[in-house]
Each structure stands twice: as structure tokens, then as C-alpha cells.
Amino acid sequence: MSAVGTPVGTRPAIGAPAARRPRQRARVLPTAVLLVGALYCLVPVAWVLVASTKSRGELFSTFTFAPGTGLLDNLGDLFAYGDGAFLLWCANSLLYAGVGAVLSTLVSAMSGYALAKFRFPGRDAIFYAVLGGVLLPGITLAIPQYLLMSKLGLMGSHWSVLLPSIISPFGIYLSRVYAAAAVPEEVVEAARIDGASEWRTFTAVAVPMLLPGMVTVFMLQFVGIWNNFLLPFVMLSDEHRYPLTVGLYSLLAKGSGEPALYSLAIVGAAVSILPLIALLLFLQRFWRMDLISGGLKG
Amino acid sequence: MSTTAPATATAGAPALRRRTRVPLAPYLFLTPGLVLFALFLVVPIGYAVWLSLRGLRISGGGPFGRREEVFVGFENYAAALTSADFLSGFGRLAVYGAIAVPLTLGLALLFALLLDATTTAAKRFSRTAIFIPYAVPGVIASLLWGFLYLPTTSPVSHVTEALGWGSVPFLSGAALFGSVANIAIWGGVGFNMIIIYTSLRGIPSEVQEAARIDGASETQVALRIKVPLVAPALVLTGLFSLIGTLQVYGEPTTLRPMTTSITQTWVPLMTIYRDAFTRDDLPLAAAASVLLALGTLVVSVVLLRLAQRRAFGDAA
């Protein structure tokens, strides 16, 4: 229970310089191990950036990390492929991940707030159902969800990917942990006594306090939906509704018979990961990852 | 939505013993979540269970025989549990998981401890670099690594060929397991590292200082003090890695066009996909889905029990 208190902002930000204890001299071996880890993580990213500059001939003939001369041609081919299919995939990914994550965050915040700040019959049952959902996430449900969507006649539509992405048991769980710690009982009580409706208490009083937790839930959901493969792969058959993951996979799958598409898949991968890496690096400082580990010790 | 709470919002009224009445507000707040939960978790599972008990039969006979969906009991479950494809998929999954899960967690813990140690430099750069793969979808990660494995484009094979040793068979034989697991490790280390690291930052510095004053080395502080204190975070990351392992699908599927060693039924989810979409045997796929989901649940609960920690249990 003490740890639930820590998410609420006494700790220095992760990026803050390590001021809490005197700095010792850096040693070579531990630093080297850390740098090897960093290198391991960067190599494939560096490779795809280099490979995207190679022309089709160069891809299979020159040394892996030797830059090529075909970047502009590759980009031209990529955006021309299938009448601009790549841009459409980007837009679709943005739609699924953006809209899905916003709605998911709102739904999670409302549910988490209700579970944390009210006492009502059925509360514990609902909470345990949510925990069951956490342990049984997304992918095993893709086929059952497909069966249901085809019964409803929604299969193949944008909805078939968007709607299942909105519900996130883990998001609800995190919101509940965060609401329990970040929204003091007295503040809610005070708003009620002042005559605010429950809805207004939530939007005007609770939501501002919940914001850091909501940003975290948003990012987790955004990345989760953006990276999802099986759900859209199962639901969609029309190339125009593919997100990036399924689109690039389709290039690769066709590429085994048509090597020219390999270059497209590579340059497409390079172009598509850069914005997400940038977004993540930018939002890193707003993340409350301690929420995930901190809620556990309670 | 402004009229959500007649139950509790009577301004200024003397405390009317809110507890004795059932408040309406929490149910309204929960409505969207519960409706979606029911629609996309409960109903699909229920439908899958129902479908898994059905099967197609030829009824009547001769030219008038027609295929009919009938109730077949646990036949589909028996078929799934005796299917060589499905079972050998679990075998491969076990090998893959035995490599991927311990290495992901071990490396994540190692890097988190190094980031938290006083004796390392280049922390900010390393933390960011190791976290970057989290932003790369599994399918794209498989595409990147796939090309680093392919003999014609692999830098490793480039070197070994120059030395006259021939190319490295990353995508066949036993090496395949390591190659697929490597993709999961690469994608998972950063996220788990951050969870463990944030947990490490929460340890009061007095505890560590006391140990240092008593003469403990930095390594001893890490192993004897920090690791036990972040055990809950380790349980959580272990749980997520394990759940992730049972659901591996995108990585081997993406690598398939690059190698003949990955069959259509390499892991259980691939078998389920084939049964549902290539063979059109939805009842069998539904039964296998239910089995996989149950398996995931059992593994999670057993792990949580083993850990003997109330990792999720601050409900009451």
C-alpha cells in the first residue's frame, strides 16, 4: 500500500541527472556491457536505414552496411506502389492506433475511476473479471472475435479492427491503480458537497489528476495497436484497409516470388518506424512506467 | 451525460447514508467499459466455446445428403489434442520460450541494474537505444532480422564467406529457434528493462547506503538488496513474457517467405489460423483457441501462485 503512493510524484524523473548519490568513477567493464546492449538494439535499425538507400541490384550484391545509391528511386517506388497504397496504410495505422488509443484511454479512465472511488455491489466481481482479461489478452481472442465479426457482418470493415482495440483490461487495471493513488477521497468528497454532479466531479476534478496515468495508458495502447498484426490480418481482406504491419507483410510475402518488392518492404519499414521512434522518444518523459511496477507492491 | 448521478449529488443535503443506497454513478461510468468487455471478450469466448462443440455432418444419404451443423460434444477438443500439428507446435513453442523468456528477463534485469549502478557511464544513451526496439512492430522487426539472417544479405555470412567458411544457416535446423527467439528478445528487452529500472529507482537510497557502509561491493548491493526488492516487477515482466510467448505468431509468419524450415503449423496459433482459414474448419479452430486461452490462463495463475506475491491482489 505504501508503494501505491509513490506513483504520485515524489520521485525524480527518470531522465534527471543522478544527483541522489555522489558519482563514482565509471568503470570500463559495466559500461562496455551496457554499450554492447545498446549496439545490439541499434544494429537492425541502422541496417534498415542503410538498406533503404540501396538499389535492387545493390541489395543482394554489396556489403550489408555499405550505403547504396537508390534511396530516391526506392522512395519514389514506395509511394507509387499500388496507387499510393503505402500512404493509405500509414493513414489506416494512424486511424486504428490514434482513435483506438484515445477511446481506450477514456473508457479505461472512467472504468478505473469507478472501480477505485466508489463502493457498490459487484465491484469486486467486475475487478476480478478485468484481471482475468489482463491474463488473457488480445491475440488468443483474434479468431473468436473474427467469428463474431463475420456473424455481425462487420468483417473486413475498419470497425472490425477499431472496436476490439478499444477495450483494454490492462488499461482499466492501470487506471484503477492510478486513480486509487492520485485522486484523494477528500477532494472527491469536497466536490460532491459543493454540489457538483458525479460526471462533473470526474471531468473537472479527477481527470486533471489522472492525466499522467492517462498518458501512459494512451502510449501503451497506441504502440500496442500500431504493432498489432494478427487482428487486422484476420479481419481484413481489402488491401486499402490494411495497417502498415499487414501491408508491409503482404509486400514481403509477395516478394518471395517478385524480389523487387523486397526493396519496397525494406524502404517501407524504414519510413514507417522513424515517426514512431520519434514519437516514443518525445513522449518518454511523460511516461509513468513506475505505474506498472509500482502498482504491484500494494 | 450531465445528469448522471441523481443518487449522490443532492447538494447540501445531510449525509443520507450513501452506503445504504445503491449508487447509480459507478455503473454509468463503467457502462462503456463493460459493454465493450462483454462484446469483445465475453461474447467471442462464449461463441467460440459453443462453436467448438459443433461440427459438420453429412445427414441423409445418397444424392440428397447435405452438410449439417450438429452438436458433437468434445470431439473437436479430442481432435485438437491428438493433432500432431497442434501438439508439435507446442513442442516448438516450448523450445522457443525456453530461450526467449529467460534471456529477455535476464538481459532486462542486467541492463536495468547497470543503468542503476553508480559505476557505469553513457546511461542516457544506452537507455534510449535499448528502448527503441519497443517502437518497432514485431512484424517489421522480423523483416529486419530476416534480412540480417538471409545468406545473401547477412553481414555475418558476408564475413564468414570471405573467410571461406560458407554462410551461416540462421534460418534452418536448430539455429532457427535461436533466430526467432532473438527477434522476441530484441523487441522485449527494452520495455522490461524500463519496468525493472523504474522499480529500482523506487528503492530508498538509505537501504543501499547502509549496505555500502557495511562494506558491500556494488555487485553485492545489486544481487542481495536490489534484486529481491524488485521481485514483484520481475514477476510481472516474467508473466507478460510468458503470455507473449504462448501467443507468438507474427514473427514466424513473417519469416516464412524467407525459409522453408518454418511450416504452416510451426506454432499453435499458426495451426489455428490454418484450420480456420485454409481448411475452413471453424469448430476445430475454435476448440484449439479455447485450449490455448485456457492454457495461457492456467500458466499465468500457476506462475502467480509460485511467485507467492500479491502481484495483482490489492482489490479488497
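Entry 1: For contacts I used the rule that the C-beta atoms of two residues, placed from the backbone, lie within 7 Å. Helices are DSSP runs of H or I of at least four residues and strands are runs of E of at least two, both numbered from the N terminus.

I keep in mind that this is a predicted model, in which local features need pLDDT of at least 70 and side-chain atom pairs count only at pLDDT 80 or more, while totals for chains, interfaces and linings use all residues. Residues are numbered from 1 along each chain as its sequence is written, and chains are lettered from A and ligands numbered from 1 in the order in which they are written.

The buried residues of α13(A) are Leu244(A), Thr245(A), Val246(A), Gly247(A), Leu248(A), Tyr249(A), Leu251(A) and Leu252(A). I call a residue buried if 20 or more other C-beta atoms, placed from the backbone, lie within 10 Å of its own, exposed if 12 or fewer do, and partly exposed in between.

**Entry 2: helix α6(A).** I then turned to α6(A) (residues 123-135), whose 13 residues reach 19 Å from first C-alpha to last, close to the 18 Å expected. Buried here are Ile126(A), Phe127(A), Val130(A), Gly133(A) and Leu135(A), and their cover includes α5 and α9 (169-182) of chain A as well as α1 (25-52), α10 (231-246) and α13 of chain B.

**Entry 3: the two chains.** I found 93 residues of chain A in contact with 96 residues of chain B. On the side of chain A that touches chain B, helix α2 (residues 28-51) gives the largest share, with 14 residues. That side of chain A divides into 62 nonpolar, 20 polar and eleven charged residues, where Ala, Val, Leu, Ile, Met, Phe, Trp, Tyr, Cys and Pro count as nonpolar, Asp, Glu, Lys and Arg as charged, and the others, Gly among them, as polar.

**Entry 4: a helix pair in chain A.** I noted that α10(A) (residues 185-193) and α11(A) pack at an angle of about 140 degrees, with their axes 10 Å apart; axes are lines fitted to C-alpha atoms over the stretch in contact, and angles run from 0 to 180 degrees between N-to-C directions. This makes α10(A) oblique to α11(A), since angles under 35 degrees count as roughly parallel, over 145 as roughly antiparallel, 65 to 115 as roughly perpendicular and the rest as oblique. The contact is made by Val187(A), Val188(A), Ala191(A) and Arg192(A) of α10(A) and by Thr201(A), Val205(A) and Ala206(A) of α11(A).

**Entry 5: positive phi in chain B.** I checked two residues here, bearing in mind that most residues other than glycine have a negative phi. Ala122(B) has a positive phi near 60 degrees, sits in the loop between α3 (84-116) and α4 (123-131) of chain B, and is partly exposed because it has 14 C-beta neighbours inside 10 Å. Asp280(B) likewise has a positive phi, of about 60 degrees, lies in the loop between α12 (268-278) and α13 (282-307) of chain B, and is exposed, with 10 other C-beta atoms within 10 Å.

Methods. Expected span 1.5 Å × (residues − 1).
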